[in-house]
Amino acid sequence: MYASLPRFLLRRLLTGILVLWGAVTVTFFAVSAAGDQVDAILGPQAANLPGLRERVAAEYGLDRPLPVQYLDRLASLATGDFGRSYQRSQPVTRLLGSQILPTLQLALSAALVGLLLALIATVITAGRGRIVRTGTSVFEVLAVAVPPFWLGILLLSLFSFNLRWFPAFGSHGISGLVLPTLALAIPLAGVLAQVMRQELELVEGRPFVLSARARGQSRLGLLLRHTLRHALLPATTMSAWVLGTLVGGAVLVEKVFSRPGLGTVLVNAVQHRDTPVVSAVVILAALIFVVANALADMLYPVIDARLRETSRA
Amino acid sequence: MHSRRSFLTLSVGSLAVFGLGSGLVACGEDSSPSGTGGTPKSGGSITFATTAEPDSWDLHVSVSTLSSLILRAVYDSLVYQKTDGTFEPWLAKSWEISDDGLRYTFQLRDDVTFHDGTPFNAEAVKANFDHIVDPATKSRNSKTLLGPYDRTEVTGDFSVVVHLKSPHSPLLGALSSPYLSFHSPAVLRANPADITSGGKFLVSTGPFVSSSLTPGQNAVFTRRPGYRWAPASASHPGEAYLDQYVVQFLADDAARVGALTSGQLDVADQIPATRLAQLRTQPSIKLVSRETVGSPFTYSLNTTRAPFDNRDVRVAFQSAVDTEAITQGLFQGVYSSGRSVLTSSTPGYDKSVEGIWGYDRNRAISLLEKAGFTATDSEGYRARDGRRLSVTLAFAASFTSEEQRNYHTALKDAVKQVGFEVVLRPLDTPSIVQAFATGDYHLGSGSPSAIDGSILRTLFYSSQLPGVGGANAARVNDPEVDGWLDEALRTRDVAGQNVLYGKVQHKVLAEAYVLPTFVSKRTYGVQERVQGFALGAGNLPTLSEVWVS
């Protein structure tokens with residue numbers, strides 16, 4: 001694998017750039033098709049004030065032909081310039097800079113907790129009797145079906161409004177992170193547990209497991225050394241889906257828990273039709289997606305020894 | 001949802017057309033200061049939740065009610081408007097208006113300083129007004145409030161003359177609003193573009209200092225030591241009681257109410273009407289509310305398009321709707337029915353219009369028959385010359401609240417009873433801008449907030465069409481109405497203005513240019529321990545008078 005790493009990275013980089021370019025292009029033309037940008041900047045109250053339109057159009061370069069605007073946008077993005085927010089009239093990079101960390105924090109802790117919950121559920125229930133499995137299946141389906149924001153309100157009502165264990169808003173360190181993390185992690189765990197248990201049960205039926213057990217290996221030892229690795233594979237494959245869930249869920253969960261973050265910024269920007277910010281968030285999401293996919297591909301050989309063999313071949 | 005709430009207009013009236021904005025400014029009958037127990041004491045802090053961060057932290061740029069709500073206690077004004085609509089000195093010790101109404105001379109207090117130590121003086125006033133009218137500021141609301149502003153002349157260290165291009169009697173009211181208050185000249189010089197991002201860049205003269213902002217989360221304001229220039233009628237003239245107040249942005253209604261009832265908040269803004277009954281049963285929560293100042297939620301009948309170019313059809317439409325019954329049915333007594341184009345708590349409201357219009361089904365039917373709508377088509381609607389009696393109601397889909405949509409539906413049902421069809425036309429923002437610019441609609445709706453009767457000019461003056469920044473959605477072109485409104489601009493005493501505003505209210509209702517409906521309220525939920533929480537001019541809480549027990 002290591003021999004081909006540079007080639008692998010180069011390929012990844014090229015497809016990544018292609019995906020990003022696609023995201024930029026689609027966002028740009030979707031936004032211009034959605035209506036006059038000047039209306040968005042001025043809002044309905046001022047959109048018709050005489051003289052203001054022309055000045056604003058000139059200031060934001062919206063009076064130029066669309067292809068020119070598009071090329072200009074590509075050029076400035078290439079230099080890392082995301083433009084200025086219509087609403088806050090400050091650089092988008094500054095606006096988003098302070099919001100990335102809280103979202104990343106939430107998404108990572110939700111991914112970890114979700115994986116942990118799924119692992120626990122998998123290990124406890126795999127290969128058990130019918131009743132246990134039916135019970136957990138029902139649980140998992142419920143967990144998957146529950147929308148994160150609804151779960152968030154439920155958690156808030158119970159653990160904040162009634163029991164008062166956790167704060168209802170704000171980033172009070174760890175205690176402020178618990179409920180939003182759970183709201184995101186539980187639906188995630190539901191899905192991951194299902195696919196992981198399926199894989200685990202499949203693997204535990206393989207001859208190599210039987211022979212290992214016959215040699216005196218405990219189930220726990222087997223789990224840690226061999227079978228869980230197999231179970232992790234489909235979870236890794238789903239990492240793109242997981243990411244999508246986390247980003248989409250974070251938007252809603254951040255609103256319910258009044259947390260700062262990209263979700264809050266995005267909702268706010270969409271409401272005010274602040275297109276430079278919306279585009280930047282879309283591009284950022286695409287970037288995260290590309291990076292995560294690349295990481296997942298690099299993780300396969302680490303988890304699964306067989307893949308190392310084939311990639312060397 | 002909160003973007004609908006977070007917009008207001010004072011006289012940039014297109015809002016009336018688009019139905020944005022729940023109102024502000026008020027002095028209602030059902031308000032009572034919260035808490036009466038004990039002697040006020042200094043110290044403590046409160047956490048106050050509102051729905052969102054304002055659109056801009058620069059009051060000169062913002063069009064949101066939220067900025068004035070959050071920053072009223074940070075920014076002082078030249079004059080103070082009392083709840084009866086009259087004015088008293090604040091940062092201006094006295095003022096004089098020239099006979100032609102073109103020059104306003106203000107004598108300023110000489111003992112006022114900004115939070116950064118910069119003295120408040122004539123130059124500071126000039127720098128701020130110049131900042132508002134500077135095209136680079138892109139001010140909308142504040143600039144409109146200044147009216148036909150020409151320039152500010154510094155005539156002494158503490159004396160300024162504001163020159164106008166034409167008489168504009170609403171100027172004093174405008175000067176009492178937070179949107180025409182003052183940034184420190186030092187900030188205006190060094191970081192004018194940063195004011196909009198808030199926090200440390202908000203430097204003014206008020207009883208609280210903006211000390212920090214966590215974007216999207218909260219803003220912290222601390223007591224200004226040495227504050228002693230509150231208006232005379234303030235119940236607490238000196239330094240604020242509270243050490244600080246924290247404004248928390250909680251967009252979710254359920255989260256805001258839940259955080260309040262569980263004691264994690266001291267004050268919650270905009271309690272939804274649906275949660276009021278539940279909160280009334282909670283002994284530890286007090287509810288403080290006031291009716292909108294400005295207009296009720298009002299339908300405008302486009303007088304330039306058939307069939308509403310015919311007065312009989314307009315009066316028939318107005319008479320066909322039992323607004324009292326619909327308001328009662330939809331809002332269960334939480335909101336009242338408006339009887340004029342101004343709400344009853346708006347200075348300038350004319351009570352005598354209450355009897356001149358109202359629900360009268362028989363009158364509606366006979367007027368429609370008189371207008372020739374005698375046939376009935378297959379769906380039961382009236383028709384004339386084979387054409388159905390049908391009108392469209394255009395509204396901005398994303399800025400129309402659930403309550404307003406429900407009213408649209410009730411209206412549609414009500415006029416159907418007399419064979420009148422209303423077609424609801426929800427539009428996106430560019431389309432609604434287009435429709436109102438070109439006059440392609442029969443009905444518009446909205447509830448603009450205001451300070452006083454001067455909003456009538458934005459609503460009914462012939463040149464204030466929605467296409468050019470006004471809110472004359474009925475497209476009224478009535479020389480008599482224009483005459484009264486022009487005279488009101490030249491009339492300096494409030495009583496004289498109100499007589500003229502009364503005439504306008506009579507005429508627009510008698511001519512059925514409009515159909516006023518419900519008057520909404522803004523309700524704050526307040527913890528028992530918070531004392532002295534009251535709503536002043538503009539329905540804004542007077543935070544400097546709040547203390548905690």
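Of the 313 residues of chain A, 45% count as buried, meaning under 20% relative accessible area with a 1.4 Å probe and protein chains only. This is a predicted model, in which local features need pLDDT of at least 70, side-chain atom pairs count only at pLDDT 80 or more, and totals for chains, interfaces and linings use all residues. Residues are numbered from 1 along each chain as its sequence is written, chains are lettered from A in the order in which they are written, and side-chain values use heavy atoms, without hydrogens and water.

Chain A has 14 helices and 0 strands, taken as DSSP runs (helices H or I, at least four residues; strands E, at least two) numbered from the N terminus. Its C-alpha trace spans about 85 × 60 × 30 Å along the principal axes.

| Helix of chain A | Residues in the contact |
|---|---|
| α6(A), residues 130-145 | R133(A), T136(A), S137(A), E140(A), V141(A), A143(A), V144(A) |
| α8(A), residues 173-204 | I186(A), P187(A), G190(A), V191(A), A193(A), Q194(A), R197(A), E201(A) |

Contact here means heavy atoms within 4.5 Å. The residues of this contact divide into 7 nonpolar, 4 polar and 4 charged. α6(A) and α8(A) pack at an angle of about 140°, with axes 7 Å apart. That makes α6(A) oblique to α8(A), the class left once angles under 35 degrees (roughly parallel), over 145 (roughly antiparallel) and 65 to 115 (roughly perpendicular) are set aside.

Over in chain B, strand β18 (residues 390-396) is largely enclosed by the rest of the structure, because 6 of its 7 residues are buried. β18(B) runs parallel to strand β19 (residues 421-427) of chain B, and 7 bridges join them. T392(B) has V423(B) in β19(B) as its bridge partner.

Note on methods. Axes fitted to C-alpha atoms, helices over the stretch in contact; angles between N-to-C directions. Nonpolar A, V, L, I, M, F, W, Y, C, P; charged D, E, K, R; others polar. Buried < 20%, exposed > 50% of the residue type's maximum accessible area, 1.4 Å probe, protein only. Pairing = 2+ DSSP bridges.
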